[in-house]
Amino acid sequence: MPFPITVDGKCYAGAGGNYAFGINNQATEDNQIAAMVYLKWLIEESSIYEDERSIPALKSGDLPDALVYFEGVELLSDNPPLEGEESLFNDVNNESEVGINNNDYPDCEILEAALYGTRTLDEVMAEWNEKWSAAQESLGVEVTK
């Protein structure tokens with residue numbers, strides 16, 4: 001969902017593909033054509049994005065009612081990593097043991113802290129920041145601003 005904070009009056013949300021469509025270049029020409037026709041129908045004519053309540057693949061597509069809060073939101077996508085840094089995020093994530101997108105432990109840690117009142121969100125984030133910074137240092141990652 002859009003992040004509930006604006007920058008200069010503009011609201012932003014991260015966007016990235018959940019799944020990607022591809023056509024096997026080793027398939028027969030007939031199967032490649034069939035796959036292209038199917039994908040064209042799926043993206044341009046099917047109700048999949050409404051059914052799944054997701055952002056349409058076509059920029060001209062209407063947002064489903066469930067995503068009304070995305071109206072006027074600028075969608076940002078991650079830039080690809082620089083050459084030689086393709087595994088950098090995963091390396092730091094694993095070394096830090098924060099576990100972003102590896103499992104649901106980070107979410108559970110936040111929920112448990114809130115449920116039992118053992119730590120504030122700021123305390124959890126401070127711990128993760130310390131772990132992340134230590135992992136960067138351990139791996140020799142130079143952070144530039």
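Which helix holds both tyrosine 38 and tryptophan 41, and how many residues apart are they? Both lie in helix H1, which covers residues 29–44. They sit 3 residues apart, about one turn of the helix. An α-helix has 3.6 residues a turn, so residues three or four places apart point the same way. Keep in mind that this is a predicted model.

## The whole chain

Start with the overall plan. The protein chain has 5 helices and 3 strands. Read from the N terminus, the order of elements is β-β-α-α-β-α-α-α. The radius of gyration is 20 Å, well over the 15 Å that the globule rule gives for 145 residues, so the protein chain is more spread out than a compact globule. Along its principal axes, the C-alpha trace spans about 55 × 40 × 35 Å.

Next, the surface. Of the 145 residues, 17% count as buried. The accessible surface of the protein chain is about 11800 Å². Carbon and sulfur atoms account for 51% of that surface.

Contacts also say something about the fold. Take the contacts between residues at least 6 apart in sequence. Of these, 42% join residues at least 24 apart.

## Two aromatic pairs

The structure holds 2 aromatic pairs. In one of them, the rings of tyrosine 38 and tryptophan 41 have centres 6.0 Å apart. Their planes meet at 35°. Stacked would need planes under 30 degrees apart and edge-to-face over 60, so this pair counts as tilted.

The other pair joins phenylalanine 89 and tryptophan 132. Here the ring centres are 5.6 Å apart and the planes are at 45°, so this pair is tilted as well. Phenylalanine 89 belongs to helix H3 (residues 88–96), while tryptophan 132 belongs to helix H5. The pair therefore ties together parts that are 43 residues apart in sequence.

How open is each ring-bearing residue to the surface? The table gives the values.

| Residue | Relative accessibility | Class |
|---|---|---|
| Tyrosine 38 | 45% | partly exposed |
| Tryptophan 41 | 41% | partly exposed |
| Phenylalanine 89 | 40% | partly exposed |
| Tryptophan 132 | 19% | buried |

Buried means under 20%, so tryptophan 132, at 19%, falls in that class.

Now look at helix H4, residues 105–116.

Which residues of H4 are buried? They are Pro106, Glu109 and Ala113. Seen down the axis of H4, the buried residues fall within an arc of 55°, so they line one face of the helix. These buried residues pack against helix H5, residues 121–139.

The face turned away from the buried side looks outward in a different set of residues: it carries the exposed Leu111, Ala114 and Leu115. After H4 comes glycine 117. Its phi is positive, near 65°.

## After helix H5

Finally, follow the chain past H5. Valine 143 lies in the segment after this helix. Is valine 143 buried or exposed? At 52% relative accessibility, valine 143 counts as exposed, because the cut-off for exposed is over 50%. Valine 143 and serine 133 are 10 residues apart in sequence. In space, their C-alpha atoms are 9.6 Å apart.

Note on methods
Residues numbered from 1 in each chain as written. Predicted model: local features only at pLDDT ≥ 70, side-chain atom pairs only at ≥ 80, totals over all residues. Heavy atoms only, no water. Helix = DSSP H or I, 4+ residues; strand = E, 2+ residues; numbered from the N terminus. Expected span 1.5 Å × (residues − 1). Buried < 20%, exposed > 50% of the residue type's maximum accessible area, 1.4 Å probe, protein only. Arc of directions from axis to C-beta. Contact = heavy atoms within 4.5 Å. Rg over C-alpha atoms; globule rule 2.2 N^0.38 Å. Areas by Shrake-Rupley, 256 points an atom, 1.4 Å probe, with all protein chains shown as cover. Phe/Tyr/Trp six-rings, centres within 6.5 Å; stacked < 30°, edge-to-face > 60°.
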